[in-house]
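Dear colleague,

Please find below the structure that I am handing over to you.

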Amino acid sequence: MGADLLQGHLVVRDIERWCLRKGRRGGTAPVLAVIFFDTDPSAEDYVRIKAHVAEKAGVGYWVYEMSPDASCAQVQTQIRALNENARVHGILVQRPLPEHLGEPKVMAAIDPRKHVEEYRDGRASNIAADAVGRLLSSHGRRGALRRSAVHVAGAGNIVTDGFTAHMRRRYPWVSASPGLRQLVAAEHGGRPVVLITELHRGAGHVTPGMVRPEVRIVIDLGFYLSRGGVAAGDLDHAVLAMDGLAVAPTPGGVLPILPWLMMERTIRAARRLAREETGPGCACQ
């Protein structure tokens, strides 16, 4: 039989419908501004992917390319300008950032009302953790995060400090480690394990022998593009053939949900900011 594949297309479909229904209600044209640095061969590909989704969602998409040599002060100045621009409703600083920039300082400069990666409706909510929860809910497995020990292995553009902090706020048994070996020592108390990976060890690094028996769900957040443009994740294809396992794969699992959530959060921010400007009497729901 093989693993039960947790694909994200149902979540994408629902968000797309919501965006098309809510996007321009109230007369506000929502706009997402993206700051990016050409630090990686795939950086422009990521920008184009989001541009395609924004067009489908009816969200304006403004791109600000900055030099990889830009100082932290220069980046913060650009962010402040976007914070103050009433036509911009969502702001995203695309990872990876140049190594010399202080990522926490850069991210902290974004107005929380417009910070689509870490806030939703004015409340702290990491976008990738939101995507994981929605994916599992769409497959009837949301309760697994509360019943299981959740182990986060690795870190990167998706598994950020904000992601792990969100998971720890929401779920009772969450541990994290730089790699997969530490899962052996993770205290799971006999509970089933949800394993989340972004390992940066190369496509297909995680083989069946590395998935311990207590693991019931694997969520692959790794992302690698071959020279031919073929996407792959942390998991070896043989993991998808394992019985008794549920897998959110790359491609197809959580990652397609992320750009759509960026659009949803931008639309929500536009509606919220419009209400703030017009006061409580606004009928822009």
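This is a predicted model: local features need pLDDT of at least 70, side-chain atom pairs count only at pLDDT 80 or more; totals for chains, interfaces and linings use all residues.

Cavities

The count comes to three cavities of 30 Å³ or more. The largest cavity holds about 100 Å³ of space. Its lining is made up of 13 residues, and those that lie nearest the centre are Arg113, Tyr119, Asp121, Arg265 and Ala269. By residue class, the lining of the largest cavity comprises seven charged, four nonpolar and two polar residues. Two elements, strand E5 (119-120) and helix H8 (257-278), each supply at least two residues of that lining. The most is given by H8, which contributes four residues.

Strand E7 and its partners

Strand E7 spans residues 149-154 and is mostly covered, with six of its six residues buried. E7 pairs with two strands that I would draw to your attention, E9 and E8. With strand E9 (residues 193-198), the pairing is parallel and extends over six bridges; within it, Val152 has Ile196 of E9 as its bridge partner. With strand E8 (residues 174-177), E7 is joined by four bridges, and these two strands also run parallel. Here Val150 stands opposite Val174 of E8.

With kind regards

Terms used:
Residues are numbered from 1 along each chain as its sequence is written. Side-chain values use heavy atoms; hydrogens and water are left out. On a 1 Å grid over the protein atoms alone, a cavity is a set of points where a 1.4 Å probe fits but cannot get out, and a pocket is an open set with protein on both sides within 12 Å along at least five of seven lines; lining residues have an atom within 4 Å of a point. Grid points are joined across faces, edges and corners, and a volume is the space filled by probe spheres set on the points. Ala, Val, Leu, Ile, Met, Phe, Trp, Tyr, Cys and Pro count as nonpolar, Asp, Glu, Lys and Arg as charged, and the others, Gly among them, as polar. Buried means under 20% relative accessible area, exposed over 50%, partly exposed in between (1.4 Å probe, protein chains only). Two strands pair if DSSP finds at least two bridges between them.
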